Amino acid sequence: MKVIEAILDVFRNPQFYSITLTSSTPLIFASLGGVFSEVTGVVNIALEGIMLIGAFVSTAFAYYTGSPWIGVLMAIVAGIGVAWLHAWASIKWWGDQIVSGTAIILIAQGITGFLMKPVFGQVGQTDLEKFKMIKHITKEINPIVRPIKLPFPENSFLGQAFGNISPLVILAFVSVFIGWFIIYKTTLGLRMRSVGENPEAADTLGVNVYKIRYFGVLMSGVFASIGGAFLSVGDTGIFKELMTGGRGFIALAAMILGNWNPVGAMLASILFGSSEAFANQLQSSKLIEVSSSVKPLFNMVPFIVTLIVIGGFIGKTRPPAADGIPYKKSE
Amino acid sequence: MYEEYAVVMKGIVKRFPGVLANDHVDLFVRKGEIHAVVGENGAGKSTLMNQLYGLLRPDEGEIYVFGKKVEMKGPKDAIKNGIGMVHQHFMLVGNLTVAENVVLGSETTKGRVVFDLREAKKRVKELSERYGLHVDVDAKIEDIPVGMQQRVEIIKTLYRGAEILIFDEPTAVLTPQETEELFEVMRRLKAAGKTMIFISHKLNEVMEISDNITVMRLGKVTAKLITKETNPREIARAMVGRDVVLRVEKPPHEPKDVVFEVENLWVKDNRGLDAVRGVSLKVRAGEIVGIAGVAGNGQSELVEAITGLRKIEKGTIKLLGQDITGLDPRSLRNMGMTHIPEDRLKYGMVLQYPAYYNMILGKHWWEPYSIRGFLNHPAIFEDSRRLFEEFDVRPRNINMLGGNFSGGNQQKIVVAREVSSNPKFIVVAQPTRGLDVGAIEFIHKTILRLREQDVAILLVSMELEEVFSLSDRILVMYEGEIMGEVRPEETNFEEVGLMMAGKRLEEVRA
């Protein structure tokens, strides 16, 4: 019964909720990116790679300029660049979208690993103090986006859970709303959905299929890279090799579970984020003895939740009909 | 020039690699008429229309719309000139609503960016009311029946200001009732002054709805007829180039022993409702038993249950005295049952496979096609070539992909495969759906040949004409039950029609 008590204890702890928020945020951004791309009919498994690039670029610019916000902006630029590669290969040249996406992930992993030494002066993971010594930077650098204080009483439950919140977390929720509005309330969104469902029909009505798909994929670059940047400059302030750790794929699962709808994807992201927070809290619970050799098993929780939920729900969601199929104009 | 005409196409020539699809074609369509363009599959009708709609550009020739010479660079130009097209394969977006589909590409907006759905719905409602095109503006396309989807296509063209509407084989996908509704709409559009071009190869429909007819064959115009002054026989001759038997001769043939037997069969449909409710029937060797009925009265589920594709809730099925209830399709095939499915594209063939694989599907594990688990390609090629000759499949290219054959030739491949397995019992569902007169004649003759060879045949068809001309006995199905059994020579369309509407034979004859 100790286990049950430990579990209940996790839910009573305000920290669980604050970690849920930080674990969910990168997933919310990336899954929103996935929605933008796939709603127009382009499968984008490159999210994982774009996130990694976003995390790297934002850290680099934060360290060199001293401003994490410049880091986020440059991450967006880099994210658009990488997404453009995917768009170019899969829209312009009708390439296989899975192959193109996989290639981008591998390139992103290789290139960020390779650039660790030249950019940060060390491999593995960054360390601001060592970086300053190498680059002889004297003024104080804060590589983390400064949190916003919300007006909750300091010692209240809400205050401890959500008192200090990163503006990027708020941006994530705002982005979801904007994304939902674009996709469901604007003419552009109507055209995006038509292109992902039946590009030929859209084409006969004068909708430019290629342009709309480019837009969708580039937007996925914007959001996935912010998601990546949150991991580094939004949360920890460091970049670690392969630090995305499969979050791009969990974001894809969230997108599917959310039925390719920004709001649904956000809710699914929060579910996956909370399971990560749960695993994290449970293994450090004081009520149960967890030997260190067992701890890695807890890290599997988010993935097991993903499997169960996707397995249970996947038949009930419906992808855009032309998702993953390159569009060739017939002559 | 040509002021009295809505459309004039003059001396149109269109070449494709190796084919002269249109050879100096002239088409004159008067303002406000319904003009039928008829011809067999591959006669060049669709090519001609695609040039009028700007999807293809003619190699030679001129096009005039309302007396003005025009050049179409794309569908946009055609739309600008008041031409709209109702495609055979609907150009609709399944997950969008009716209203969204209509306005897509020329959306109503609030402040340029925001989509004004309310205004879109209002405009679609207006159009739908003005022309009697009943649609549900809020329903998603994927949830509405085919007939309504077609009305959405028509509203789409009207929304864009079409004065000339091209209907590309609009009835191919419709039930008889939906066809009647479509004709009603076309009459109303005609009364409103619209001009329509109606592409078809169904002669009775052409006779019913059109004012003038242009007949095409092998890329050329072979006849220009006035509907009132012609008859189906004359049109068919111009289409096929020879006299066609519109109704095959059925020689007398004495049926033998009972081969196939169904006893009190119950089957559920996809929604879990009873679709077949206590059907019993017998088919003897050398006999054709026809099942008539309006589409969706359990015929498809009956066929699927018999052929092992659907679970049987209750009842027994016997083939040659053996109980075969619940056996899978493979065992059934090994026992001598074959099946010409109603949807050849979905169940009849694999469109991405070359014709030679399509020719052996379902018997690919038999010798000589497969020896000890390996495909025996020489035998497959040889038999495919032989069947291509025997069944006159065109083109004679067994390497061509299934999806690239015309509808009639796809069906010939399916028929050739099923018939050549020497069946004892064959289920034939909708064998001539969407085929032209030449192909229909061929398929009907093939079915009668099987009857001569003492095969037991169960024929399911929505075409009453077909059931009457082929069957020895007719069973009428309504809401999953058999309303009665009649012999074609002892009944008429009216009697069967009443049974199709739910009256039992006893009530009809009472």
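In the predicted model, residues 24 or more positions apart make up 66% of the contacts in chain B with a separation of 6 or more, a contact being two residues whose C-beta atoms, placed from the backbone, lie within 7 Å. Local features need pLDDT of at least 70 and side-chain atom pairs count only at pLDDT 80 or more, whereas totals for chains, interfaces and linings use all residues. Residues are numbered from 1 along each chain as its sequence is written, with chains lettered from A and ligands numbered from 1 in the order in which they are written.

Chain B comprises 18 helices and 24 strands, taken as DSSP runs (helices H or I, at least four residues; strands E, at least two) numbered from the N terminus. Its C-alpha trace spans about 70 × 50 × 50 Å along the principal axes. Of the 510 residues, 44% are buried, that is, have 20 or more other C-beta atoms within 10 Å of their own, with C-beta atoms placed from the backbone.

Helix α14 of chain B (residues 407–419) reaches 18 Å from its first C-alpha to its last, close to the 18 Å expected at 1.5 Å a residue, the expected span being 1.5 Å times one less than the number of residues. Twelve of the 13 residues of α14(B) are buried, including Ile413(B), Val414(B) and Arg417(B). The buried residues of α14(B) pack against elements of chain B that include α13 (377–390) and α15 (437–452).
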